[in-house]
Every structure is written in structure tokens, then in C-alpha cells.
Amino acid sequence: VKDLLLKSEKLKQSAKVNKEPDFEFSFYDNVDQALIDGWAQNKDFFGMLLDERNEELKRRMLGIFVPEVYRQLKQSSESIRS
């Protein structure tokens with residue numbers, strides 16, 4: 001899931017212009033698309049996370065990636081500018 005999120009152009013742009021707390025909103029807005037993109041890899045797992053009844057579980061499980069995804073995207077956007 002993290003690798004799919006790191007490929008998101010929307011998240012790259014958000015990390016570039018936002019601080020981490022604001023980036024978190026974009027992160028959660030883009031999680032479902034990453035899960036849909038990865039669904040073919042593991043239908044049971046990704047399907048479980050996409051089930052709206054598991055929204056809290058999804059936020060807790062994927063929330064651990066927020067700081068790392070933000071840091072990696074922020075660094076990559078800064079290295080492009082240099």
C-alpha cells in the first residue's frame with residue numbers, strides 16, 4: 001500500500017506544498033484509490049480495507065504510513081528543485 005501511495009502525483013504535490021498535519025488530509029483522501037489500484041494483488045486484504053464498515057481499522061492501519069510517506073515525498077520534491 002505504501003508503495004502505491006508513494007506513486008501518487010496528488011500526494012507528491014500535497015507533500016511539496018503542505019506541512020505534515022495538512023498532508024494527512026490528502027493522504028486519507030487518496031488511500032481508497034491506492035487500495036483500488038492494489039486490489040488485484042490481494043483481493044481479500046484490500047477488499048477488507050475498502051469495506052466502509054472497516055473505515056476506522058483502515059485509518060488506524062494505514063495511518064502508520066503518514067509520517068514516512070510524507071517524509072519520502074517531501075524529500076523527493078526538494079531534491080527535484082535542487
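Glu-9 is exposed, with a relative accessible area of 56%. Keep in mind as you look that this model is predicted. Glu-9 forms a salt bridge with Lys-12, and their closest N and O atoms are 3.3 Å apart. Both residues belong to helix α2 (residues 9-17), where they sit three residues apart, about one turn of the helix. Lys-12 counts as partly exposed, at 30% relative accessibility.

Side chains of opposite charge can pair when their charged atoms come close. The structure holds five salt bridges. One of them joins Glu-68 to Lys-2, with 2.6 Å between the closest N and O atoms. This pair links distant parts of the chain, since Glu-68 lies in helix α6 (residues 66-81) and Lys-2 in helix α1 (residues 2-6), 66 residues apart.

Lys-58 and Asp-32 also meet in a salt bridge, at 2.4 Å from N to O. Here Lys-58 in helix α5 (residues 55-63) and Asp-32 in helix α3 are 26 residues apart. Lys-58 is buried, at 4% relative accessibility, whereas Asp-32 is partly exposed at 32%. Together with Glu-55, these two residues, Asp-32 and Lys-58, are linked in a network of salt bridges.

## Two helices side by side

How do α3 and α4 run relative to each other, parallel or antiparallel? The axes of helix α3 (residues 20-38) and helix α4 (residues 43-50) cross at roughly 155 degrees and come within 9 Å, so the two helices are roughly antiparallel. Their crossing is left-handed.

In this contact, residues of α3 including Asp-32 and Leu-35 meet Phe-46, Leu-49 and Leu-50 of α4. By class, the contact has six nonpolar residues, one polar and one charged.

Definitions and conventions: Residues numbered from 1 in each chain as written. Predicted model: local features only at pLDDT ≥ 70, side-chain atom pairs only at ≥ 80, totals over all residues. Heavy atoms only, no water. Axes fitted to C-alpha atoms, helices over the stretch in contact; angles between N-to-C directions. Helix = DSSP H or I, 4+ residues; strand = E, 2+ residues; numbered from the N terminus. Parallel < 35°, antiparallel > 145°, perpendicular 65-115°, else oblique. Left-handed = near helix turned anticlockwise from the far one by under 90°. Contact = heavy atoms within 4.5 Å. Nonpolar A, V, L, I, M, F, W, Y, C, P; charged D, E, K, R; others polar. Salt bridge = Lys/Arg side-chain N within 4 Å of Asp/Glu carboxyl O. Buried < 20%, exposed > 50% of the residue type's maximum accessible area, 1.4 Å probe, protein only.
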